[in-house]
Amino acid sequence: MTTVLAAGDRFIRPDLFRARVWAEAGDLVGAVHEIELPWPDVPFGRIGDVDEASGDEETLIAALDGCQAIVTQLAPITDRVLAASPELRFVGVSRGGPANIDLAAAERHGVLVCNVPGRNGVATAEMSLGLLLAMLRRIPLTQRTLEDGRWEGGFYRHDRVGTEVAGSAVGILGAGAVGARVATAVVAMGGRVLVYDPYLPDGVLPDAERVDDVDDLFRRSDILTVHARLNADTAGVVSAERIALMPRGAHLVNAARGGLVDYAAVAAALESGQLAGAAFDVFPTEPVDFGHPIFAAAAAGHNVVMTPHIAGASTQTAERAAQGVAEELGRFLRGEPVQHALTAVGATSL
C-alpha cells in the first residue's frame, strides 16, 4: 500500500488534500501523512533550485521518509529533496505553472510529476472582470471619498464619469483558460472583443475577432486585459512603446503576471493621460515595493485599482486543485494513463 504525504499550506490545507486522496484512491493508500507549509502568511520564494516554493528542504525530506507519493501546491521539490527521497515515485502539484518543481531532476530520478492546469481559471477570469469594472466605473476611487466623509457630486461631471464595456473594443492578450472566459463574458456584455493569441486554435471564440499582430491589438483596444503566460517571449510585452499605440484615454488590466507589464511606463501614462485607468492584481516584485511609481500614481488620485495577487484565490480553486491531484494519483496507482504529466516517466502503478 502506498504512503502519501499531503504537503498543504494555509490556502489548500493538508486536510483537504488528505480527504480528496482518500476519496479518489483510498483502496490503494495505506496512510496519508500531513505537513502544513506557511504560505501565504509567509511569502513564497526561491528554495534550493526552484522558485515560488514554501517551507524548507530539511523539513520536507524528513516528512517524505517512507513516502512513495506527495500531493502539494508549493513544497520545494528540488534535486536535493528528490535525491534524499529514493522511494518517491509520484508528485501531484496542484498548480498550472509548477515553478516549485525541478522537473529535469524529477525525470532523472524516475518521478512522475502531474499538475492541474486551469485550476484557477474561473476565479482569475471573474477577478479580471471585477478589476475591469471597478476601474471603468471608478468604484474604489469614489468609495474613498465616502470613507473620507465627502459627498462628491462632481463624479457626475462629463469629464469624470466612467465608461462602459458595451460598445468598447476590448483587447484580450492571451486567450487560454482565463482569457477565453473573459472574452466570452465581454461579448455577453456587448463589448467588441479582439484577441491576440498565436496558439489559439481556429474556430475557438467565434464571436471574437482574431488579431495577428500584437501592435495592432494595442492600437485598436480601448481596454486591454492581459492573460498571457510569462516567458522569454512575453516578458515586458506591455511596454511604453505599445502603451503609446493605444487610443488616448485607454484602460489596462493585468491579473496574469507582473513581468508582462512595464509598470513604470503605466505610471507615466496615467500621469500624462494616455491611460485613463489601470487595474492590477500582480506586480513586478512581490511582496511589492511601495516606492514604485505606480503607488505614487495611485496616491496622486489617478484611477488605479490594485489587489494583492488574489485573483486565483477562491474556495472553489482550492477544491479543484486538491481534487485534480487526487484524481491523477488515483490513475497512477491504478496503472491508468494520467492526464497532465510533466515528466517523461512511465505512469505505472507502484
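How many residues apart in helix α12 are R331 and E327, and by about how many helical turns are they separated? Let me answer that, noting at the outset that this is a predicted model. The two are four residues apart in α12, which spans residues 315-333, and this places about one helical turn between them. R331 is buried, with a relative accessible area of 14%, whereas E327 is partly exposed at 28%.

In total, the structure holds 21 salt bridges. Another of these pairs E36 with R10, at 3.1 Å from N to O. E36 belongs to strand β2 and R10 to the loop between β1 and α1, so this pair ties together parts that are 26 residues apart in sequence. E36 is partly exposed at 46% relative accessibility, and R10 is partly exposed at 41%.

I turn next to a network. Salt bridges link D148, R150, E152 and R160. Within this group, the closest N and O atoms of E152 and R150 are 1.9 Å apart.

UniProt, in an unreviewed entry, places a D-isomer specific 2-hydroxyacid dehydrogenase NAD-binding domain at residues 129-311. Over those residues the chain is 32% helix and 16% strand, and the end C-alpha atoms lie 10 Å apart.

Finally, consider helix α10, residues 263-272. Its buried residues are Y263, A265, V266, A267, A269 and L270. Among the elements covering them are α9, β12, β13, α11 and β14. At the N-terminal end, D262 caps the helix, with a side-chain oxygen 3.2 Å from the backbone nitrogen of A264. After α10 comes G273, whose phi is positive, near 90°.

Notes. Residues numbered from 1 in each chain as written. Predicted model: local features only at pLDDT ≥ 70, side-chain atom pairs only at ≥ 80, totals over all residues. Heavy atoms only, no water. UniProt positions renumbered as here; feature names shortened; annotations may be inferred. Buried < 20%, exposed > 50% of the residue type's maximum accessible area, 1.4 Å probe, protein only. Contact = heavy atoms within 4.5 Å. Polar contact = N/O pair within 3.5 Å; in protein donor to acceptor, adjacent residues only side chain to side chain. Salt bridge = Lys/Arg side-chain N within 4 Å of Asp/Glu carboxyl O.
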